[in-house]
Amino acid sequence: MTRTIRGLLWGTATLLAAALFMFVFATTHFVQERSIRKDAFADAEVLARVTFNSMFQLMSTGWTRAQLEGYIAGLDTAVAGSPARITIFRGERVSALFGAIEQDPADPTVRQALASGTPVESFQGNSARFVFPLAAEERCLVCHRNAAVGTILGAIDVSQSVEAVISENRERMLLAYLPTIPVSFLAILLVVGHITRRLDGAISALRQEINAVNRVSDLRRLATADNPLSFAEFNRIGHGIRRMTERLREVAVDRELLEFEIRLLERFVITAEIVRDWREQVGHLLVEIDAVLPSRALVAGFIADDGGYETEVFWRRDADAGAREAMASQLRAAFGPMHAQNAPWLPVRHTIADPAHPLCESGDGADFRHLRLLTLTAPRVGGIVAIGIHACPTDEPWRLQAVEAVLSTLLNVVGSIKAINRYAGELEYHATRDPLTGLYNQRVFWDLLGAQVARSRRRGHPAGLLLIDLDNFKSINDGYGHAIGDTFLKTIAAALKQALRAEDVLARYGGDEFVALLPDTPAQETVQVARRILDGIGGTRITTEDGSTLASTVSIGIAMFPDHADDAHDLFLLADSMMYRAKSGGRNQIAVPSPDDLAEQFRSAGEHTLRILRAVEQQRIEPFIQPILDTRTNRVVAVEVLCRLRSESGQLIGAHDFVPTAERLGIMHRIDLVVLRKAIEALTAEGFDGLIFVNTSPRSLVMDKVVEQMTAIVARTGTDPARVVFEITEREALHDADRFDAFIAELRAPGFKLALDDFGSGFSSFQYLKRIPVDFLKIEGEFIANMMTSPTDHSLVCSMVSLARELGIRCIAEHVETGPIFEQVASMGIDLAQGYHIGRPRPAGPEAANGALPALAA
């Protein structure tokens with residue numbers, strides 16, 4: 001049971017006071033009782049001797065027996081009512097000479113006195129007893145002839161009762177001591193109160209010192225505190241605690257340091273913020289370091305692409321020119337000599353972690369006693385070769401040691417942050433660029449074309465579209481080889497950029513086709529730009545190794561928004577048609593649509609639209625499936641559902657021919673629902689129980705009640721929703737972000753899965769991963785197809801696979817067209833593969849299967 005010192009003091013003091021009271025009372029009573037008994041013995045002895053003297057005087061007169069009996073009766077009368085009693089015993093010699101008298105039998109005390117001849121004192125009960133033996137003297141022999149001197153003739157027994165006196169004395173003592181009880185209690189109260197106050201003060205002071213320890217730095221204050229604590233014992237305890245804190249400081253680890261190290265390790269996790277601005281992330285890291293160890297700056301050295309040294313200084317607060325120059329000089333002196341002497345030093349870049357902080361002046365930045373640097377002889381990830389912390393002066397050396405201990409981790413974190421940022425930038429660049437010419441690729445072109453059409457429609461500005469095709473590239477490529485062909489294409493691309501304005505958009509559409517988008521450009525200026533291109537390309541030449549000179553011409557088709565079309569897809573089809581007209585007209589020409597061309601185009605578009613509407617109304621929609629293989633087991637574990645329309649003549653219409661029109665007409669969601677229902681029914685009839693990837697248009701997904709209808713279709717067929725994976729094309733997914741987020745939550749609720757299709761083909765790949773909880777990542781097929789010959793594409797695929805693995809997302813490689821590509825995909829650890837090497841799309845259903853998927857598995 002736990003007790004308090006205050007309670008113990010009160011209890012002990014009360015018990016001690018009670019015991020002391022009882023002890024004093026008992027001792028005093030005992031002493032007084034002994035005194036009363038002693039007085040009683042003295043009184044008894046006096047009475048005995050007085051009685052004997054009285055008897056002797058009477059006997060000297062020659063008394064008779066009657067006088068003796070009268071004397072004894074007189075004694076009884078004299079002591080009646082008093083605590084005394086006198087008894088005279090006649091000895092045997094006297095009885096023999098004068099006869100016996102009536103007397104009480106002699107008890108042992110009397111017999112002892114008679115036998116010994118000496119007085120006997122005893123206390124019996126509450127009476128003091130004195131037995132006085134009567135010894136014969138010379139003068140007694142006159143009457144007592146049968147005795148000799150010293151013969152015991154009898155005894156006088158005097159008994160003095162002290163019971164009444166003792167009782168009365170006890171009562172008087174109680175009455176005398178009772179007033180001392182409250183006085184004693186008050187004294188105890190004052191003494192205990194004084195002691196407890198001093199105890200409380202000492203304990204409170206000690207508790208405050210201990211409670212003030214919240215971090216390792218507080219141990220120093222506790223260890224050096226020398227406050228007296230009122231009691232020597234507490235001072236000894238405090239001294240022991242201070243000795244203990246000195247030992248603790250040698251082994252303790254600050255909680256803030258542990259939390260900082262945890263946050264430091266978390267920096268290895270890839271986030272969209274790191275991808276967006278690596279310097280901002282390192283600045284945040286410096287703020288966190290400053291919370292553990294007050295620091296002025298974090299410095300990092302990198303090997304640049306040209307072999308020189310890049311130096312980054314991240315200041316906790318803004319620094320003036322003097323502080324910056326002092327830091328730059330110190331860094332060159334600190335880790336420059338450790339690397340190649342002829343490597344150039346690039347200008348030091350300064351970044352402010354928190355510009356809101358006051359200015360760091362030269363004097364603050366020039367004290368490098370606490371600059372802790374870790375340098376490497378060979379660069380690590382991100383090209384980092386040095387990392388350092390410029391700490392503020394501190395009297396806690398353990399903090400500097402702690403930061404030194406994490407410098408290696410910090411080096412890897414900062415290097416990884418920069419590497420991820422750089423790789424992400426490269427990934428985004430190559431995802432949007434044609435790897436040969438560096439121009440925008442086809443996918444980005446369509447994004448930009450759609451955005452420009454929407455912008456021009458909103459502002460009422462015109463825009464021109466040029467479709468450019470080389471007239472004789474095939475003969476150059478076939479006659480001189482692909483290497484010369486690639487060189488020629490790069491030369492043409494450079495000439496096209498030279499002929500265009502800075503605000504124009506140039507893309508390689510594919511092969512030897514290029515496309516140029518001219519924002520805010522009327523028809524007349526668009527034609528002028530096209531002619532400038534003809535002149536520029538006409539003057540372009542390259543010389544082969546055998547001395548041959550190669551040249552080419554181009555055919556250009558023009559379409560204007562909104563004069564010729566107000567839809568991106570129609571605008572492109574018209575420009576494409578005009579390009580073929582220019583070729584058929586003799587090449588090296590420009591073709592602009594005439595009113596008849598527009599009428600024909602609109603008539604064709606109208607007929608195409610009617611064909612699609614009738615096909616949808618009559619549900620002439622047929623699902624095709626393409627197998628997806630598990631690279632580890634070589635078993636088909638999934639299929640992708642593709643969509644085809646059957647025309648009235650029985651001809652199949654591919655998705656690329658009807659999807660843009662269906663989306664423009666707002667009927668794509670109807671097509672998707674029919675495809676989903678037919679595909680699941682057909683696959684169920686085949687006995688397939690693997691995953692079903694549905695290539696669904698994002699525009700249809702955000703339509704009202706589409707998810708509800710899809711869930712109902714899956715439920716009616718008895719299919720587990722977890723088997724259905726909806727593919728979202730990244731370049732279209734987030735155009736209506738809020739509505740799309742609501743759709744994602746609604747889609748995940750029944751258990752459907754998500755796949756991000758064509759990953760790496762758009763601008764915001766990492767933003768999609770951050771926002772959309774995808775289960776599968778389908779790597780853009782262009783990267784897969786080219787990774788055997790392009791180191792860049794190979795590195796990008798490796799980065800995507802590593803990223804997906806870190807995020808717990810399964811990867812699917814598209815466009816696996818050959819055995820070597822499949823082997824490469826499997827060796828890279830990509831989970832699933834899809835492409836013509838695995839299997840071509842075929843109609844869904846038992847009648848079309850014919851053993852086409854012999855290894856189907858769940």
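Student: Which residues make the nonpolar surface patch of about 390 Å²?
Tutor: Phe185, Leu186, Leu189 and Leu190 make that patch. A patch is made of residues with over 30% relative accessible area and no salt bridge; like charges are joined within 9 Å and nonpolar side chains (Val, Leu, Ile, Met, Phe, Trp, Tyr) within 5 Å. Accessible areas come from the Shrake-Rupley method with a 1.4 Å probe, and for residues only the protein chains shown count as cover.

Student: What kind of model is this, and how are residues numbered?
Tutor: It is a predicted model, in which local features need pLDDT of at least 70, side-chain atom pairs count only at pLDDT 80 or more, and totals for chains, interfaces and linings use all residues. Residues are numbered from 1 along each chain as its sequence is written, and side-chain values use heavy atoms, with hydrogens and water left out.

Student: Why is Leu189 called partly exposed?
Tutor: Buried means under 20% relative accessible area, exposed means over 50%, and partly exposed is in between (1.4 Å probe, protein chains only). Leu189 has a relative accessible area of 35%, so Leu189 is partly exposed. Leu189 sits in helix α6, residues 180-211. Helices (H or I, at least four residues) and strands (E, at least two) are DSSP runs, numbered from the N terminus.

Student: Why is Val529 called buried, and what does Val529 touch?
Tutor: The relative accessibility of Val529 is 3%, so Val529 counts as buried. Val529 belongs to helix α19, residues 523-538. Leaving out residues up to four places away in sequence, Val529 touches Leu466, Leu500 and Leu518, where contact means heavy atoms within 4.5 Å.

Student: How many residues of strand β10 are buried?
Tutor: Eight of the eight residues of β10 (residues 463-470) are buried. On one side these are Ala463, Leu465, Leu467 and Asp469, and on the other Gly464, Leu466, Ile468 and Leu470. In a regular strand the side chains alternate between the two faces of the sheet.

Student: Which strands pair with β10, and in what sense?
Tutor: β10 pairs with β12 (residues 513-519) in the antiparallel sense over seven bridges, and with β15 (residues 554-561) in the antiparallel sense over eight bridges. Two strands pair if DSSP finds at least two bridges between them. Asp469 stands opposite Glu513 in β12, while Leu465 stands opposite Ala559 in β15.

Student: What is the strand order of the open sheet, and what makes a strand an edge strand?
Tutor: The five strands run β11-β12-β10-β15-β16, with mixed pairing. The edge strands are β11 (505-510) and β16 (590-591), each pairing on one side only. β11 pairs with β12 in the antiparallel sense over five bridges.

Student: What makes Lys583 and Asp469 a salt bridge?
Tutor: A salt bridge is a side-chain nitrogen of Lys or Arg within 4 Å of a carboxyl oxygen of Asp or Glu. The closest N and O atoms of Lys583 and Asp469 are 2.5 Å apart. The pair links distant parts of the chain, with Lys583 in helix α20 (residues 568-584) and Asp469 in strand β10, 114 residues apart. Lys583 counts as buried because its relative accessibility is 18%, and Asp469 counts as buried because its value is 5%.

Student: Which parts does the salt bridge of Arg748 and Asp775 tie together?
Tutor: The closest N and O atoms of Arg748 and Asp775 are 2.6 Å apart. Arg748 lies in helix α27 (residues 737-748) and Asp775 in the loop between α28 (765-771) and β23 (776-779), so the pair ties together parts 27 residues apart in sequence. Arg748 has 30% relative accessibility and therefore counts as partly exposed.

Student: What is the span of helix α23, and what span is expected?
Tutor: Helix α23 (residues 668-686) has 19 residues and reaches 27 Å from its first C-alpha to its last, close to the 27 Å expected at 1.5 Å a residue. The expected span is 1.5 Å times one less than the number of residues. Just after α23, Gly687 takes a positive phi of about 85°.
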